[in-house]
Amino acid sequence: MQFGIFTVGDVTPDPTTGRAPTEAERVKSLITIALKAEEVGLDVFAQGQHHNPPFVVSSPTTTLGYIAAKTEKLVLSTSTTLITTTDPVKIAEDFATLQHVADGRVDLMMGRGNTGPVYPWFGKDIRDGIPLAVENYQLLRRLWREDVVNWEGQFRTPLQGFTSTPRPLDGVPPFVWHGSIRSPQIAEQAAYYGDGFFHNHIFWPPEHTERMVEFYRRRFEHYGHGSADQAIVGLGGQVFMRKNSQDAVREFRPYFDKAPVYGGGPSLEEFTSQTPLTVGSPEQVIERTLGFRDYVGDYQRQLFLIDHAGLPLKTVLEQLDILGEEVVPVLRREFAALKPAHVPDAPTHASLVAAAGGGHDSTVHAADDVTGRTVETAAQA
Amino acid sequence: MTTRTIAVVSAGLSDPSSTRLLADRLTAATVEALRARGEDATVEVVELRGHARDLADNLTSGFANGSLQTAIDTVVGADALIAVTPVFSASYSGLFKTFFDVLDKDALTGKPVLLGATAGTPRHSLVVEHAMRPLFAYLRAVVVPTGVFAAAEDWAGGGVDRSLAGRIDRAAGELAGLVSGRPAATRPADPFADPTTSFEELLKGR
């Protein structure tokens, strides 16, 4: 099982000091957090994509490319890549490039984005969210799998004889997860392709997660990718930990009370009892997290949100230490002991290459339109 | 004998409340009218005051907690709804509106509904028509023609004024007429049932 962190990349004032980091500080802090994640033994770092304040994550592969160069093992992912408003051609190019830069340590999570005003900035309409996700993702798959694509759809300029470059590393596209909180159509999309399904599993009661995952598993089996318990499931979750749970609650409360997504509504205590949010000791986080398996089954990836709502970088790094030293080793051991042998691990570049019968270079050399001669054939002649 | 479920939503705040009093009179008259048509009824009352914080929480969190969800399920699953609000600032109260704000937009489609309102002055007497009816039209509920408004003077003398009693009976008769003979209430379609549109069709843009 993979463990990691995911961030939305928000610039939020620290409610205890009133000070907001600069964009420069926040961009650098994302990098520091990612490097720390590898240092403490986590497997995955995922970052969001937003195109409006208060976020600094409009260009995910720039940051992820730098992190790739500074890390050895960390899998770089997204939470999420906006499949609705981002040109699939650009996604195909950016993430194939990142695959080469990162030696394959790349996967993606597709999401629609729920901020209405963002869509028109990119010539789209939020009411087309599902059809955009369906059409754009189908095109993205073809761009990675077919060297030359002729394509026409509803939402984008047609493509004639188009080759997305660079071609995927070893001829194997990155693994894709689909994230959705409550749209069965997206779970259906993930099941149709045999892709992974990720539920963010924060803000809402676990019953919502349970229903979505159950539906995805049932449909994964329907489409013939394996049995329902072999479907590839990822969960989010939000935690804040201190050695003593009272200290954790006391320290986290002002961040909770002022958080744009939490403040003004149910209390911290109500939210921790009604949703997967866990604020307490490392032991409490371990117990709660192991309990997720009771309602989603054996799953492949657990990502925690830890840098939210203006928490200072120093605190976030301390949280990573606790995760790496006290929480994840126990979770790794316990989940592994529970998982039946026929339940697969999350796909990686290595496992996908092996499943494809080995890697092959898939470079496409430019060809003369008339003679079909390429640089290579010309050199041989 | 068929047994119907009548959900009653009352947004009254005091105890005793004239809003609840009107709701109870409308409910009793509806049960009576159904019985006259050979149908039994069970009544489930949702007092919104008890869910005031739950509703505010739902606005910020986006989900109903357990207690509120039970109330919502009661209303959505009922064969008929009697909804009564006090008049605040010339309209339904914010508490009343919030309950209907947090329902799924299709939750009351086709639901037989009787509307009532109470106020201190008869000058609000058209509030059912100008405020409540448009809300339930938006929700695509089937609202009976008679809405019942009761001002303080309608309760004068401790009993129900004769003309108010007449309006209650007429409205209750209309609701019973809508409910009886209809198939039992069906739950909204399960979004997690196997899709009726195949993914291939979605891919073709249908």
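Strand β5 (residues 107-111) of chain A is mostly covered, with 5 of its 5 residues buried. The model is predicted. In a regular strand, side chains alternate between the two faces of the sheet. Both faces of β5(A) are covered. A:Asp107, A:Met109 and A:Gly111 are buried on one side. A:Leu108 and A:Met110 are buried on the other.

Now look at the strands that pair with β5(A). β4(A) runs parallel to β5(A), joined by 2 bridges. Here A:Thr81 has A:Met110 as its bridge partner. From β4(A) the chain passes through helix α3 (residues 88-101) of chain A to β5(A), a right-handed β-α-β crossover. β8(A) also runs parallel to β5(A), joined by 4 bridges. A:Leu108 is bridged to A:Val176 in β8(A).

Step back to the whole sheet. It is open and has 9 strands, in the order β3-β2-β1-β13-β10-β9-β8-β5-β4 (chain A), with parallel pairing. β3 (75-78) and β4 (81-82) of chain A are the edge strands; each has a single partner, so one side of each lacks a neighbour in the sheet.

Further along, β8 (residues 175-179) and β9 (residues 196-199) of chain A pair in the parallel sense over 3 bridges. One links A:Gly179 to A:Phe198 in β9(A). Helix α7 (residues 206-222) of chain A packs on the sheet, touching β9 and β10 (233-235) of chain A. The direction of this helix makes about 175 degrees with that of β9(A).

13 of its residues contact 18 residues of chain A. On the chain B side, α2 (52-61) and α7 (199-203) of chain B each give two or more residues. That side divides into 7 nonpolar, 5 polar and 1 charged residues.

Notes:
Residues are numbered from 1 along each chain as its sequence is written. Chains are lettered from A and ligands numbered from 1 in the order in which they are written. This is a predicted model: local features need pLDDT of at least 70, side-chain atom pairs count only at pLDDT 80 or more; totals for chains, interfaces and linings use all residues. Two strands pair if DSSP finds at least two bridges between them. Two residues are in contact if their C-beta atoms, placed from the backbone, lie within 7 Å. Axes are lines fitted to C-alpha atoms, for helices over the stretch in contact, and angles run from 0 to 180 degrees between N-to-C directions. Ala, Val, Leu, Ile, Met, Phe, Trp, Tyr, Cys and Pro count as nonpolar, Asp, Glu, Lys and Arg as charged, and the others, Gly among them, as polar. A residue is buried if 20 or more other C-beta atoms lie within 10 Å of its own, exposed if 12 or fewer, and partly exposed in between; C-beta atoms are placed from the backbone. A crossover is right-handed if, with the strands pointing away from the viewer, the path from the first strand over the helix to the second runs clockwise.
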